[in-house]
Amino acid sequence: MSAKPILIKECEIGGRILKLETGRVAGQAGGAVLVRYGDTVVLVTATMSKTVREGIDFFPLTVDYEERLYAVGKIPGGFIKREGRPSEKAILSGRLIDRPIRPLFPKGCRNEVQVVATILSVDQDNAPEIAAMIGASAALHISEIPFQGPIGGVIVGLVEGEYVINPTLAQAEKSLMHLVVAGTRDAVMMVEAGAKEVPEDQVLGGIAFGHEKVKEIVEFIEEFREEALALGLAKEKVTPVLAEVDPQVEEAVSGPATEEMTAAIRQCIEQRMDKQTRDAFLEEVKNKLLESFRETFPEQEQSILAVIEAVEKKIMRRFVVEEGVRIDGRALNEIRPISVEAGILPRTHGSGLFTRGQTQVLSVVTLGPISDEQILDDLGIEETKRFMHHYNFPPYSTGETRPMRSPGRREIGHGALAERALEPVIPGEDTFPYTIRLVSEVLSSNGSTSMGSVCGSCVALMDAGIPIKAPVAGVAMGLIKEEDKVAILTDIQGIEDHLGDMDFKVAGTAKGITALQMDIKIPGIDTEILGKALAQAREGRLYILNKILEVIPAPRPELSPYAPRIIHTVIDPDKIREVIGPGGKVIKKIIDETGVEIDIEDDGRVYIAAVDPAAAKRALEIIENITKDVVVGEIYTGRVTRVTDFGAFVEVVPGVFGMPGKEGLVHISHLAHHRVNRVEDVVKEGDTIVVKAIGFDNQGRLKLSRKEALPPEPKESTPHHRRSKGRQGRH
């Protein structure tokens, strides 16, 4: 039996070699590709079930991004010592792959498709999520799965005014933008970006620049499939059984449904119905239509409803494209009524309530010491994170009931998007030494809660008195494309997201973009349409920013009285052990006595957090006393600890918690300007005196002088002159 062939193919991306390999591993998967980019290695498999999944009305695609900590030479933390639930980074990377490939499967496909990306080795200069995205495209393309790709994906950086493909770690640190672009040969499918207030034209230029490289990757994967087919390592595509409506039902229902739904939607527009009223009204119309056809097609209820919903979508899109009017009566660029409230919660550190139409988000800030930062146990180089944004989407926000469980992929994705939008304006640890946690609670949802959480969180940050660099707002844009006609919608609501072709979220300051995310349901759009969407989004963003600034024009001048006050100092790293003490004895006593929290970094930075400023000040004094060095030439106020025949010992830096302070000897000759016969004539034990540090002896012991710390004695008052004057008197 001859050995199975192995195909390895290479191309260059961003100055580094990308290798795709198939035929060596995971032979039973539908398609398996081993991707190597630098020293990053990812195995990506794509497999489809043999049978249709019954009883569903969506395409069951799953993308699993499996991080393995051995990939970066780490052993997992915790008691079990194995990987547990996916990290946030893994969930976000899985979503990054899912979004550009999902629209490229046949409509009506109900076979389960699973893509699994297993991260085997990570070189931090070469992003594993990009290798996994390219691998997913290649694995799907060589499999029998009816994938209408391939796609390619790259990261675009902006370093010193130049666009860079897949920036290295060093380049990424200097980059003003982290832009992920994915697409087919003909169009952009997905955009995800974090940026440092980058203008729209530069972001658009980055998208176009990235798409040119995407085209090269697509061509490379096409060639990879052709060579794999020739070697018997790729499979011919299958024709899936697609969920389709019975043609007889469609023909019978379409006409009456079009007439009824057109009239109903026009009524919704004219009366500007809110979501609940509109939903109830349209549901009643649909039920009447269903009832009228139920007798004719007794076992085709799902097909009847599918035709009615398809008609509803078509009519609603037609109103937008042909008449420029939306389901709630708004113009295409009109934003729903906005309400902004700051400081509505009395005991939290900062709060903001943002309402836009029927979307409402409450954001709350909590400040804590640096020790509260999040510890990261993933494949990245960052080990901790001091700014966090969490997003909660309870069922009551849409008037529904469902079990309340831990955050899902949607919550994690929306939370990360808002965090990315706000992170560029968060002050650095050197100027604002706090851990910052934001939580956005969605109280009511009718479209774009993620951008609502950006706006509410900006208000909460300013209400908390956090000196952000600039206020941030976000807006969700939509798109409806019918042949050559394109309509761009500002501030889309839920139904427009569902029936439209694009959800394009843009957040930023007045200066530029800080975050961007585009999800698309059609086979891509060109950069000209993207440019128009970005320009319209900027108008919407500035309008919302002005609404925020009318309520809270700048961060509060003071922190909440319930927020901790953090003061910091820097000590010699060699003295850290003195502050901590044996077994942590000293630092524990400082904390017990003052009630503060203390964080000490390895480089000597010390952070003291306390709600009571006096307690923080007391803790700082103690630490300064422990670490203070006596400087020759400086004047100190000290306490006499003991007296000897030859001088007095004076403690110039007091000890704490039984630890010795710093003391030195004032020799009898340095007690006063005049001659001193007995030490006790000048000082006694327990006295507080002023001394000057004059040096150290050859054994390193501190030498002090009271004489040099005192002003000179007047000549007429010295004992010598008094004696001379007395002798003259006797003559």
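Let me begin with Thr644, which touches Phe649 and Val679 when residues up to four places away in sequence are not counted. Please keep in mind that what we are looking at is a predicted model. Thr644 sits in strand β25, covering residues 635-644, and Thr644 counts as buried because its relative accessible area is 17%, where buried means under 20%.

Now to the salt bridges, of which a search of the whole structure finds 50. In one of them, the side chains of Arg420 and Glu192 meet at 2.5 Å, taken from N to O. Arg420 belongs to helix α8 (residues 409-422) and Glu192 to strand β10 (residues 188-198), so this pair ties together parts that lie 228 residues apart in sequence. Arg420 is partly exposed, at 24% relative accessibility, whereas Glu192 is buried, at 8%.

Another salt bridge joins the side chains of Glu323 and Arg266, with 3.5 Å from N to O. Here the pair ties together two helices, because Glu323 lies in α7 (residues 301-323) and Arg266 in α5 (residues 247-271), and these parts are 57 residues apart in sequence. Glu323 is partly exposed at 47%, and Arg266 is partly exposed at 35%.

Finally, consider Asp491 and Arg356, whose side chains meet in a salt bridge of 2.9 Å, N to O. Asp491 is in the loop between β19 (485-490) and α10 (494-499), while Arg356 is in strand β12 (residues 350-356), and the pair links these distant parts of the chain, 135 residues apart. Both Asp491 and Arg356 are buried.

Notes: Residues are numbered from 1 along each chain as its sequence is written. This is a predicted model: local features need pLDDT of at least 70, side-chain atom pairs count only at pLDDT 80 or more; totals for chains, interfaces and linings use all residues. Side-chain values use heavy atoms; hydrogens and water are left out. Helices (H or I, at least four residues) and strands (E, at least two) are DSSP runs, numbered from the N terminus. Buried means under 20% relative accessible area, exposed over 50%, partly exposed in between (1.4 Å probe, protein chains only). Contact means heavy atoms within 4.5 Å. A salt bridge is a side-chain nitrogen of Lys or Arg within 4 Å of a carboxyl oxygen of Asp or Glu.
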